[in-house]
Amino acid sequence: MLEENVYLSDHSNFKIGGPAKFFALVKTEGEAVQAAREAKEKGLPIFILGGGTNILIPDEGLEAVVIKTGFGGISLEEGNKLRVGSGVLVSDLLNFCIENEFSGFEWAGGLPGTVGGAVFGNAGAFGGEIKDNLLSVKAIDLGAEKPKMETYDHGQCCFEYRNSFFKKNSLNGKRMMILEVLFQMQKGNREEIKERIQEKIDYRESRQPLEYPNIGSIFKNISWDSLSGELQEKFKDVKKTDPFDVLPTAAVIHDAGLKEMRVGGAMVSPKHPNFIINFDRATAKEINELANKVKEKIEEMYGIELEREVIFL
Ligand SMILES: Cc1cc2nc3c(=O)[nH]c(=O)nc-3n(C[C@H](O)[C@H](O)[C@H](O)COP(=O)(O)OP(=O)(O)OC[C@H]3O[C@@H](n4cnc5c(N)ncnc54)[C@H](O)[C@@H]3O)c2cc1C
């Protein structure tokens with residue numbers, strides 16, 4: 001079932017990345033287990049791919065079996081619960097919510113990527129996070145001797161700011177694939193839900209450089225409490241609460257005068273300085289170098305240690 005040498009730039013929102021040694025799009029638990037078995041036989045690691053909107057893939061590609069989640073389907077269960085496949089795009093889920101008058105995900109208007117990717121990184125915006133409506137997650141450890149689907153309740157998912165049990169496990173080398181997610185929704189008014197979603201989409205279009213390939217905010221926002229009194233005073237007008245008190249990293253990068261800083265075809269976006277854009281056939285190496293330069297400069301100027309939100313493979 002594996003395809004050989006599949007270009008990952010076609011699966012990356014950055015339009016960057018060399019080939020996967022092997023690639024499989026899986027739509028069932030059985031296919032996921034089969035792909036994992038083949039990876040084991042070949043002695044290759046597994047990488048799980050969603051919509052590719054939060055990762056930087058190396059120019060040389062991945063000497064791995066890349067398993068892309070194609071789990072579809074949104075079904076309604078008693079008590080306004082939605083069971084959603086991990087490969088469903090967040091935008092499709094939002095359209096379903098508008099059609100069927102479900103409220104709860106309006107904050108996610110314009111959030112790219114899949115539901116599985118959003119759960120993995122506990123995606124959030126405008127004060128909301130994917131964890132807020134989540135009841136449970138079905139996932140499978142593809143690295144296990146005998147992979148078996150298990151259900152994790154909200155508590156077991158250990159959500160934190162842009163973090164989850166699944167992400168922590170993956171950083172420890174465990175390959176847990178999220179298959180489906182159960183959400184608790186509330187009934188709402190179609191027009192109001194649609195309007196609130198559209199507001200967020202419009203906001204993103206006006207503030208984010210969506211005209212260039214990108215992978216969203218490169219660095220996490222900075223916890224307000226971690227700042228010195230001097231920095232709190234300096235940035236007091238841009239402080240925001242999302243989901244807790246933060247200094248938006250974009251404001252610091254702007255203050256440091258790093259907008260439009262370039263390495264090759266990679267540039268710090270002048271529209272949203274926490275975004276790096278691929279404005280002219282940038283390589284992964286160039287993006288990485290630019291991100292490192294920004295991090296170093298911010299540390300040197302403000303003593304703030306920026307932490308990456310995106311995943312550089
Ligand atoms: C323009 C733009 C704006 C953005 N705005 C925001 C924002 O406001 N808030 C925010 O939080 N993020 C934002 N992002 C980042 C990104 O959209 C989200 O993090 C998104 O949820 C990632 O989903 P994905 O399917 O693209 O994941 P991918 O990029 O494909 O993968 C990200 C990580 O999740 C893992 N993963 C993906 N699917 C699964 C699965 N089914 N099982 C296990 N692991 C999986 C991958 O292995 C990888 O480590 C933005 C990105 C862009 C391009």
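This is a predicted model: local features need pLDDT of at least 70, side-chain atom pairs count only at pLDDT 80 or more; totals for chains, interfaces and linings use all residues.
Residues are numbered from 1 along each chain as its sequence is written, and side-chain values use heavy atoms, with hydrogens and water left out.

**Ligand shell**

- Around the ligand there are 36 residues, of which Ile48, Gly51, Thr53, Thr114 and Gly124 come nearest; a residue is near a molecule or strand if one of its heavy atoms lies within 4 Å of it.
- Oxygen atoms of the ligand lie 2.7 Å from a polar backbone atom of Gly51 and 2.8 Å from a polar backbone atom of Asn54, whereas a nitrogen atom of the ligand is 2.8 Å from a polar backbone atom of Ile178.
- The protein covers 95% of the 970 Å² of accessible area that the ligand has on its own, with accessible areas taken from the Shrake-Rupley method with a 1.4 Å probe and, for residues, only the protein chains shown counting as cover.
- At least two residues of the shell come from each of β3 (46–49), α3 (115–120), β9 (124–125) and β13 (176–184), and α3 gives the most, with four residues; helices (H or I, at least four residues) and strands (E, at least two) are DSSP runs, numbered from the N terminus.
- By residue class, the shell around the ligand divides into 17 nonpolar, 16 polar and three charged residues, where Ala, Val, Leu, Ile, Met, Phe, Trp, Tyr, Cys and Pro count as nonpolar, Asp, Glu, Lys and Arg as charged, and the others, Gly among them, as polar.

**Second largest pocket**

- The second largest pocket has a volume of about 200 Å³, and among its 16 lining residues Asn221, Ile222, Ser223, Ser226 and Glu305 are the closest to its centre.
- A pocket is, on a 1 Å grid over the protein atoms alone, an open set of points where a 1.4 Å probe fits, with protein on both sides within 12 Å along at least five of seven lines, and lining residues have an atom within 4 Å of a point; grid points are joined across faces, edges and corners, and a volume is the space filled by probe spheres set on the points.
- The lining of this pocket divides into eight nonpolar, five polar and three charged residues.

**Strand pairing**

- An open sheet of three strands has the order β15-β17-β16 with antiparallel pairing, and its edge strands, β15 (222–223) and β16 (240–241), each pair on one side only; two strands pair if DSSP finds at least two bridges between them.
- Two bridges join β15 to β17 (residues 245–247) in the antiparallel sense, and Ile222 has Leu247 of β17 as its bridge partner.
- Strands β6 (residues 74–77) and β7 (residues 81–85) run antiparallel and are joined by four bridges, with Leu76 opposite Leu82; they form a hairpin with three residues between them, and Gly79 in the turn has a positive phi of about 80 degrees.
- β7 also pairs with β13 in the antiparallel sense over five bridges, where Gly85 has Glu180 as its bridge partner.

**Backbone geometry**

- Most residues other than glycine have a negative phi, and most peptide bonds are trans.
- A cis peptide bond joins Asp242 and Pro243, with omega about -5 degrees, and Pro243 lies in the loop between β16 and β17.
- Asn5, although not a glycine, has a positive phi of about 50 degrees, and Asn5 is placed in strand β1 (residues 3–7).

Technical notes
A polar contact is a pair of N or O atoms within 3.5 Å; within protein, one must be able to donate a hydrogen and the other to accept it, and residues adjacent in sequence count only if both atoms are side-chain atoms.
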